[in-house]
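Subject: Handover of a structure and findings

Dear colleague,

Please find below the structure that I am handing over to you.

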Amino acid sequence: MVTPHLIISPSDTVTSHYLASSGLETSDPRIVKLVSLAAQKFVSDVAADALNHCKMRQQRSVNMVHSTLPKRKDKYEMTTEDLSQALGEQGVSLKKPPYYQ
């Protein structure tokens, strides 16, 4: 059972709209809340994986280029490649259009 806690997730109206546009009409608010929670979990997992890929990539570049300048360790530069790798682990393929390559 879904408990009525304050959760930052897509609103029920937004979720209901996308469920209806994909062909699922439901009047049960528990189904809508469940889909909202699943979407929030998916997005947070992808974001966490992309951050890990970003950290590993930047660590490799620091190890390869021994710079004498001090590097800030709390700033990360996430790229589309990081996001693409994280989405690939979830089964979603993301490719750049040919005019960007």
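The notes below go from the whole chain to individual residues.

This is a predicted model, in which local features need a pLDDT of at least 70 and side-chain atom pairs count only at pLDDT 80 or more, while totals for chains, interfaces and linings use all residues. Residues are numbered from 1 along each chain as its sequence is written, and side-chain values use heavy atoms, with hydrogens and water left out.

Overall confidence and fold

The mean pLDDT (the predictor's confidence in each residue, from 0 to 100) of the protein chain is 82, and 76% of the residues reach at least 70. The chain contains three helices and zero strands, where helices (H or I, at least four residues) and strands (E, at least two) are DSSP runs numbered from the N terminus. Along the sequence the pattern is α-α-α.

Burial, contacts and surface

Of the 101 residues, 13% count as buried; buried means under 20% relative accessible area, exposed over 50%, and partly exposed in between (1.4 Å probe, protein chains only). Taking contacts (heavy atoms within 4.5 Å) with a separation of 6 or more, 59% join residues 24 or more positions apart. The accessible surface (Shrake-Rupley method, 1.4 Å probe; for residues, only the protein chains shown count as cover) is about 8,400 Å², and carbon and sulfur atoms contribute 60% of that.

Helix 3

The buried residues of helix 3 are D82, A86 and L87. They lie on the same side of helix 3, because they cover an arc of only 130 degrees around the axis (the arc of the directions from the helix axis to the C-beta atoms). After helix 3 comes G91, with a positive phi near 95 degrees.

A nonpolar surface patch

L24, I31 and V35 form a nonpolar patch on the surface, with about 200 Å² of accessible area together. Patches consist of residues with over 30% relative accessible area and no salt bridge, like charges being joined within 9 Å and nonpolar side chains (Val, Leu, Ile, Met, Phe, Trp, Tyr) within 5 Å; a salt bridge is a side-chain nitrogen of Lys or Arg within 4 Å of a carboxyl oxygen of Asp or Glu.

L24 sits in the loop between helix 1 (12–21) and helix 2, and is partly exposed at 40% relative accessible area. I31 belongs to helix 2 and counts as partly exposed, with 34% relative accessibility. The C-alpha atoms of I31 and D12 are 10.0 Å apart, with the two residues 19 apart in sequence.

With kind regards
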